[in-house]
There are 2 protein chains.
Amino acid sequence: MDAFKFELIKEDKHTGARLGKFTTPHGVIETPIFMPVGTAATVKSLLPQTLNEIGTQILLSNTYHLYLRPGSDIVRQAGGLHKFMHWDKPILTDSGGFQVFSLSGMRKITDEGVTFRSHIDGSKHLFTPEKVMDIQGELGSDIVMAFDECSEFGYDHKKAQNAMYRTLNWLDRCFNHFYQNNDTQKQTLFPIIQGNFYEDLRIESAKKTASYAKNGIAVGGLSVGEDKEIFIKMLDVLQPYYPDFMPRYLMGVGSPDYIIEGVMRGIDMFDCVLPTRIARNGTALTSKGKVVVRNSQYKADFTPLDEQCDCYCCKNFTKAYLRHLVNSGEILAAQLLSIHNVYFLLKLAEDIRNAIKNDCLLEFKKEFYGNYYKIR
Amino acid sequence: MDAFKFELIKEDKHTGARLGKFTTPHGVIETPIFMPVGTAATVKSLLPQTLNEIGTQILLSNTYHLYLRPGSDIVRQAGGLHKFMHWDKPILTDSGGFQVFSLSGMRKITDEGVTFRSHIDGSKHLFTPEKVMDIQGELGSDIVMAFDECSEFGYDHKKAQNAMYRTLNWLDRCFNHFYQNNDTQKQTLFPIIQGNFYEDLRIESAKKTASYAKNGIAVGGLSVGEDKEIFIKMLDVLQPYYPDFMPRYLMGVGSPDYIIEGVMRGIDMFDCVLPTRIARNGTALTSKGKVVVRNSQYKADFTPLDEQCDCYCCKNFTKAYLRHLVNSGEILAAQLLSIHNVYFLLKLAEDIRNAIKNDCLLEFKKEFYGNYYKIR
């Protein structure tokens with residue numbers, strides 16, 4: 001029996017949206033889905049118990065961070081990442097590609113791999129495709145990401161093409177190493193489409209990457225600073241080239257409007273640090289747009305963050321209280337706003353799934369957008 | 001019917017320990033009890049839901065902090081502190097006396113009251129006994145503390161006597177103002193015994209303070225830097241002078257051994273920031289003593305903080321994981337260690353109550369101490 005299985009329940013008549021069920025060794029994921037990010041084996045400020053209560057189905061963690069601290073050997077000795085962080089639902093681990101490329105000035109890329117210095121202690125390390133598969137094997141995540149070269153917005157065609165080819169070459173090495181060494185009853189490998197913002201490169205990458213995709217495929221390098229129109233155009237370009245019977249994961253995308261645009265173009269999985277990061281800065285995502293809780297207008301506002309929200313924060317606390325916590329630098333502010341923000345995106349994914357089910361995704365989108373830009 | 005009632009269930013035959021039930025408008029408190037501190041209307045890093053899960057019966061908040069931020073008027077408009085912070089069990093508010101006296105160089109004490117500058121914005125304020133009663137009236141706490149002058153360890157007899165007399169004078173004003181203006185169906189006033197470390201002053205203060213005590217009495221100004229022997233001696237001196245049929249609250253004491261010594265000398269209620277403060281510094285209280293989680297000896301220690309503990313942290317996480325969180329500066333470290341540390345003191349109070357019930361407090365103390373100093 002296959003450890004991984006994707007069931008395509010329904011395709012939307014009016015858009016590219018899909019309703020699906022993705023079975024993994026640690027449980028079933030309903031798609032489209034948002035995945036909260038637990039970079040260092042913790043979704044910042046949220047207990048696993050709380051993640052369960054707000055309906056988290058899968059979460060993300062990070063190869064680069066865990067390799068450096070506590071060390072993937074420690075995680076392996078702990079019995080794997082699920083046990084280490086007390087999370088028994090599915091986990092996807094990013095390959096660290098994006099992180100090592102973000103270490104400007106501290107890394108060197110060759111065909112062999114990437115040499116980089118730790119942001120923690122400056123120590124020198126080498127990531128190769130093979131090593132990154134081994135590390136994720138030690139972590140024991142359900143979904144392993146290929147090691148890719150993330151090219152920046154603004155690369156010329158030649159540079160973008162080189163990065164795309166290198167990513168394909170590395171993918172071939174990831175694939176061979178993974179299927180020889182990792183336990184495919186416990187893990188699956190998602191390859192990543194790159195190609196910067198060039199249509200021809202994206203299409204070539206999509207076609208060639210598809211042949212390495214067994215249980216899922218990812219799109220990397222979007223939502224990295226480009227205009228929304230370019231983002232949407234790239235998704236339009238890619239849409240015909242995905243394999244059908246597996247989930248498609250759009251990496252690093254988590255703003256509500258981008259999720260909706262992605263779903264309409266055939267994307268099933270999303271992740272982003274956005275909800276927890278802006279929570280720690282005192283900002284909430286609501287059905288009427290972003291609320292900057294610190295603003296003095298909320299000083300004596302005894303209504304919840306979002307009247308329509310059923311989360312623990314909105315059911316029990318007022319904007320005046322949250323503002324007080326933010327102003328006082330209290331940890332509880334980050335906790336309550338993170339609960340709300342992550343719940344908000346999980347609820348959005350649920351609403352999207354229901355809209356697909358009920359053939360009303362376009363109406364849902366119109367209504368959501370109508371409200372969402374009210375307080376911007 | 002009285003809104004407050006203290007039922008003395010049992011007095012220990014071998015020590016001064018008492019088992020009691022203290023009824024307040026927001027519920028019944030079993031004594032001896034430890035009260036977690038929520039200085040700024042939040043027990044740092046703990047959701048009210050979590051406080052309930054670990055068995056919190058009453059918590060403490062602070063007049064000085066809430067008066068300055070968000071302002072007691074905001075709390076009043078919110079419907080009082082219980083509603084503001086979503087805590088429907090009893091709340092005790094400290095008077096702010098200790099806080100304003102800790103603002104060295106920023107405050108001036110006269111018979112009228114204390115003029116001080118805000119630690120937040122430097123603005124000038126005056127606390128009088130009457131004003132402090134009014135503020136606590138706005139906060140709506142169940143237990144209101146009198147405004148006292150906290151004398152420091154090292155004061156000479158004359159200075160300590162002056163502070164003690166001023167505290168008595170202020171208590172008289174607190175008492176008159178409270179019983180004329182506050183709602184005694186919702187709040188009660190605890191007077192505070194002072195007198196520094198002079199036996200005669202402590203005894204005089206205890207005798208005179210007792211006549212203002214209707215539903216409870218407090219001991220202030222101990223555990224402020226003196227040796228443990230002096231702390232214990234002062235409790236021995238005071239023990240004969242408390243009114244019997246009301247709870248006695250020893251302010252600012254929360255280390256396990258001090259709680260046990262206090263209980264044996266007739267104390268019923270304790271509070272301290274210790275469990276949450278040391279949690280944020282990465283230290284845990286355990287049945288074998290303090291564990292400094294950051295220590296490298298725990299790098300690959302896959303056992304819980306405390307094998308004997310039933311809290312969410314000990315049931316689900318290892319020292320290796322907690323060490324990783326502390327080292328990574330993750331908020332979850334403070335959350336999990338705060339859960340454990342507060343649970344540890346609440347469980348200690350429960351164990352003490354059971355020991356009194358079963359006539360084995362001295363045996364309990366011996367066993368607890370035998371273990372507690374193991375890893376010091």
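1. Domain bounds here come from an automatic or database domain assignment. On that basis, chain A falls into domain 1 (5-272) and domain 2 (282-372), and the C-alpha centres of these two domains of chain A are 27 Å apart.

2. A word on the ground rules, since you will be looking at a predicted model: local features need pLDDT of at least 70 and side-chain atom pairs count only at pLDDT 80 or more, while totals for chains, interfaces and linings use all residues. Residues are numbered from 1 along each chain as its sequence is written, and chains are lettered from A and ligands numbered from 1 in the order in which they are written.

3. Back to the two domains of chain A. Taking two residues as in contact if their C-beta atoms, placed from the backbone, lie within 7 Å, the contact draws 24 residues from domain 1 of chain A and 22 residues from domain 2 of chain A. On the domain 1 side, strand 4 (33-36) and helix 10 (256-264) of chain A are the elements that give two or more residues; helices (H or I, at least four residues) and strands (E, at least two) are DSSP runs, numbered from the N terminus. Helix 10 of chain A supplies the largest share of that side, 4 residues. By type, the domain 1 side has 12 nonpolar, 7 polar and 5 charged residues. Here Ala, Val, Leu, Ile, Met, Phe, Trp, Tyr, Cys and Pro count as nonpolar, Asp, Glu, Lys and Arg as charged, and the others, Gly among them, as polar.

4. Now for the pair of chains.

5. How many residues of chain A are in contact with chain B? There are 33, and they meet 33 residues of chain B. Helix 3, helix 4, helix 12 (312-316), helix 13 (319-327) and helix 14 (331-357) of chain A each bring at least two residues to the side that touches chain B, and helix 13 of chain A has the largest share, 5 residues. That side of chain A divides into 18 nonpolar, 11 polar and 4 charged residues. The copies meet through the same surface, because 100% of the interface residues of chain A are also interface residues in chain B.

6. Helix 13 of chain B deserves a look too. It is largely enclosed by the rest of the structure, because 8 of its 9 residues are buried (20 or more other C-beta atoms within 10 Å of the residue's own, with C-beta atoms placed from the backbone; 12 or fewer is exposed, in between partly exposed). Among the buried ones are B:Tyr321, B:Arg323 and B:His324. The buried residues of this helix pack against helix 3 (72-77) and helix 4 (81-85) of chain A, as well as helix 14 (331-357) of chain B. Just past helix 13 of chain B, B:Gly329 has a positive phi of about 65°.

7. Finally, strand 2 (residues 18-24) of chain B is mostly covered, with 5 of its 7 residues buried. It runs antiparallel to strand 1 (residues 5-11) of chain B, with 6 bridges between them; strands pair if DSSP finds at least two bridges between them. A hairpin of 2 residues joins strand 2 of chain B to strand 3 of chain B.
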